[in-house]
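Biologist: I would like to learn how to read aromatic rings and charges in a model. Could you take me through one?

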Amino acid sequence: MKVKSIAEIQEVLQPIADEMGIEIVEVEFKQGREPALTVYIDTENGVDLNTCEKFHRAIDPVLDEADPTFGTPYTLNVSSPGLDRPLKTDRDFQKNIGKKVEVKLFAPMKGKKLFEMVLKGHDENCVFLEDNGEEWKLEKSKIAKICRAIDFDGLF
């Protein structure tokens, strides 16, 4: 199936997101038996079902006109990226400085591949972390996944 690029799709959606105070975190297209375009969104106050529904209704006619699949039917989904989404963008890292993150490495370090540490900062190539007063500098290329640590005790 022929599909427009993610960059083209995001470019069409960005003005609507800006107008509504919504950040487009990621746009994803999955092909297969049931093709689906999923737009992951966030706001300063988080995302609820109402926000997803309003954004879905706002972008649906725009996508119909832009025709990202050149006439082939697909399902449009608008979703929160979730609490455990990987930190990818500069904004993701900035929002989580001072918070506990979960870091999964490609190869073991000090005998472990999974760590929970406090995010202290980042630059283009490295992530700066702290664990019990010990400062860590990890190259992003060695990190399989980094996401905010979820404190399940604090949720209930």
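Modeller: We start with the overall layout and then turn to the rings. Keep in mind that this model is predicted.

Biologist: Which elements make up the protein, and in what order do they run?

Modeller: There are 3 helices and 8 strands. From the N terminus the order is α-β-β-α-β-α-β-β-β-β-β. Of the 156 residues, 33% are buried.

Biologist: How many aromatic pairs does the structure hold?

Modeller: A search of the whole structure gives 2. Take F29 and Y74. Their ring centres lie 6.3 Å apart and their planes meet at 65 degrees; over 60 counts as edge-to-face, so this pair is edge-to-face.

Biologist: Which parts does that pair tie together?

Modeller: F29 is in strand 1, and Y74 is in the loop between helix 2 and strand 3, so the pair links parts 45 residues apart in sequence. F29 has 17% relative accessibility; buried means under 20%, so F29 counts as buried.

Biologist: What about F115 and W136: how are their rings arranged?

Modeller: They form a tilted pair, 5.1 Å centre to centre, with 55 degrees between the planes. F115 sits in strand 5 and W136 in strand 7, so the pair joins parts 21 residues apart in sequence. Both residues are buried.

Biologist: Where do charged ends sit over rings?

Modeller: K2 places its charged end over the ring of F70, 4.9 Å from the ring centre.

Notes. Residues numbered from 1 in each chain as written. Predicted model: local features only at pLDDT ≥ 70, side-chain atom pairs only at ≥ 80, totals over all residues. Heavy atoms only, no water. Helix = DSSP H or I, 4+ residues; strand = E, 2+ residues; numbered from the N terminus. Buried < 20%, exposed > 50% of the residue type's maximum accessible area, 1.4 Å probe, protein only. Phe/Tyr/Trp six-rings, centres within 6.5 Å; stacked < 30°, edge-to-face > 60°. Lys NZ or Arg CZ within 6 Å of the ring centre and 35° of its normal.
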